[in-house]
Amino acid sequence: MQLKPEAAQLRRRLIAASCALLGTSATRSQETADPGFVQRLVKNWQLESALAYYHEDGRIQAVEPVVNASRDYGDGGNVSFNFTFDALTGSSPNGALPSHAAQTFASPSAKSFATARRLYTTAPGNLPVDPDYSDARAAFGAQWTLPLTRLSRLTLGSKFSIEDDFYSGTLNAALAHDFNNKNTTVSFGIDDEGDVIQPIGNTPVPLSNYSSFAREGNKSKNGVGALLGVTQVMNRNWLAQLNVAADRFSGYLNDPYKIVSVLDMSGNPTGYLYENRPGTRTRRSVYLENRVGGERASAGLSLRYMTDTWGIHSETAQLRLRWWSPDRQQYFEPTVRWYRQTAASFFEPWLTGAAISNIRYVSADTRLADFHALTYGLKYGYSLGDKLHRPSSELTVRVEYYQQTLSINNAVPSALQGLDLYPGLKAVLVQFGFSY
Amino acid sequence: MERSLTAASGRTFVGGTLLALFCLAATAGHAAQSLDLDALQGRVVYLDFWASWCAPCRQSFPWMSAMHKAYESQGLTIIAINVDHDRADAQRFLQTFQPKFEIWFDSEGSWAERFKVSGMPTSIIIDRHGVARFTHIGFWPGDSDVSAQQIRELLAER
Amino acid sequence: MKTIMLIIGAAVIATAGCSSVGVKPWQRDILSRSDMRPDGGGLDDAIDDHLYFSKEASSGGRAFGGGGCGCN
């Protein structure tokens, strides 16, 4: 048996990986003829693409194309690039509560009601939404996996995204090591994110009166996270994974466009305040996944429990089943996901005038409320592997239905009786995918 | 050329020791065949453990075909032992690659066990005297260059 | 749910320490299939994660590697 000493092997891999990135070959290749750049590109690179269409009942619609290109170097090394674009339009809830009276709001860029280019009025009984919400986001990510030894890998990644009013950059690094003949893998990763928030019309002063149009400058926030994971092959048909993760964000964590209704003692709206959330948020989560599979079918169950310093804790359970056709050229994959979260300690669907002076943090954003959500989905996949001589090549289509049901139990004041205060959310996702 | 392996006798040691005679016998229903590795003495043997689900094997097969084409006449014998549970999966793989070298089936994994295969794919290069000289775990272009060089070295030995 | 997860989680960690739990390298046929890989969801997972991140207060927790064919 002759195996090169580990150090020399590592040095060789490092050189090979960096040369590969530069597009040159570090080894004397056996190829006698150069197949041509485009042919090599097509042969060595894998492409995954998807087009998702998302539609919320009476609210937001989004179209999102995603493309991922990756190149495997065979020795465990890998490079991948990801491009995502999404365009959102439609109506977005502004945090105010429905009322028996009509309510008028100004667009985010307005400086006063009088000079506002656009006002919108919510009819009595309806949930106040900004009907002209639109946002476009472009995101780019790159990731590089470098094998350190046959049993360990270092992965470095970065992500950037740009939106009308938000810029984000993230760097991440992870180390993975295999044990027990690759039956056990331990991974440790860290990431760092920095965001700049430039709200349309400038940042509203937190807790300021909506009609004062008080504004401040741009904001930023920063986050660091860490994740420790163990993946264990239990037997030929069963894989388990356990991850513990924590992250901490600090800075401007508000949604700049969200307001809170201020009501009088009977429940009539007297005005609105801009929300304010704490300047830090630390989250911890535990994630457990089990996949069991046979020759023609498999089932995966994942469970996640999360808790944070805003008083929110959540539970997520998702089941995915896959059925392959006998020739393994097609499959169906139904899925169901159940999610439940408790409200943030500072979540209030409304404020009464008396409470305002003591308020430090408040938000009426239903994404911080007590709710449960169900997703039902079905995916169909058709393998193009044989036709294109690429085993992972396939065409897919999936449809998912997502429904959020709020459970807010504050005693309803008389003026709000008979209103559907918390309509929740219903949405459909349709996605087409092609991978080569 | 395809043969079935199940019950086997003989001792094997991986890594620098003499490989004793071992018989690869067919299951009941097929005529018993045995491969006498001693009869292969005088030839350099490249023993490869592969499976249809092993992605690097899609790279190793064209390479092994190239080695077979270049060095078979100089004394190289390639023996590729398949460890798929399901023979049909292996057949589909072979349809795509149409190898000209010998393919054997070890669906029980007894040969893989015997050779202490610790990764997929695994290749063992045996010299003209029946001594296992080099073992490679995994297959990728950089490492296959090393294997090719080792084959040439062993072919040059008399 | 928290208790169930703690019990199962402890079991996973305990077995991860045992070198006898697992399979031989040549027995990873089913594990190498895309539906048996923790990262086999591809773009679906990324799209779902982004959707749930924008509609719910929790995100992430899922990660990398392990499992699969264990090749190379």
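Tutor: Begin with strand E14 (residues 259–263) of chain A, which pairs with E20(A) in the parallel sense over three bridges. Strands are DSSP runs of E with at least two residues, helices runs of H or I with at least four, numbered from the N terminus; two strands pair if DSSP finds at least two bridges between them. This is a predicted model, in which local features need pLDDT of at least 70 and side-chain atom pairs count only at pLDDT 80 or more, while totals for chains, interfaces and linings use all residues. Residues are numbered from 1 along each chain as its sequence is written, and chains are lettered from A in the order in which they are written.

Student: Which residue stands opposite A:Trp350?

Tutor: A:Ser261 stands opposite A:Trp350, which lies in E20(A).

Student: What is the strand order of the open sheet?

Tutor: The order of its three strands is E15-E14-E20 (chain A), and the pairing is mixed. Strand E15 (269–274) and strand E20 (350–352) of chain A each have a single partner strand, so one side of each is left without a neighbour in the sheet.

Student: How many residues does each chain bring to the contact between chains C and A?

Tutor: Residues are in contact if their C-beta atoms, placed from the backbone, lie within 7 Å. Chain A brings 64 residues and chain C 41 residues. On the side of chain C that touches chain A, helix H1 (2–17) and helix H2 (43–55) of chain C each supply at least two residues. H1(C) gives the most, with eight residues.

Student: Which residues does B:Ala51 touch?

Tutor: Not counting residues up to four places away in sequence, the residues touched by B:Ala51 include B:Cys57, B:Met120, C:Trp26 and C:Asp29.

Terms used:
Contact = placed C-beta atoms within 7 Å.
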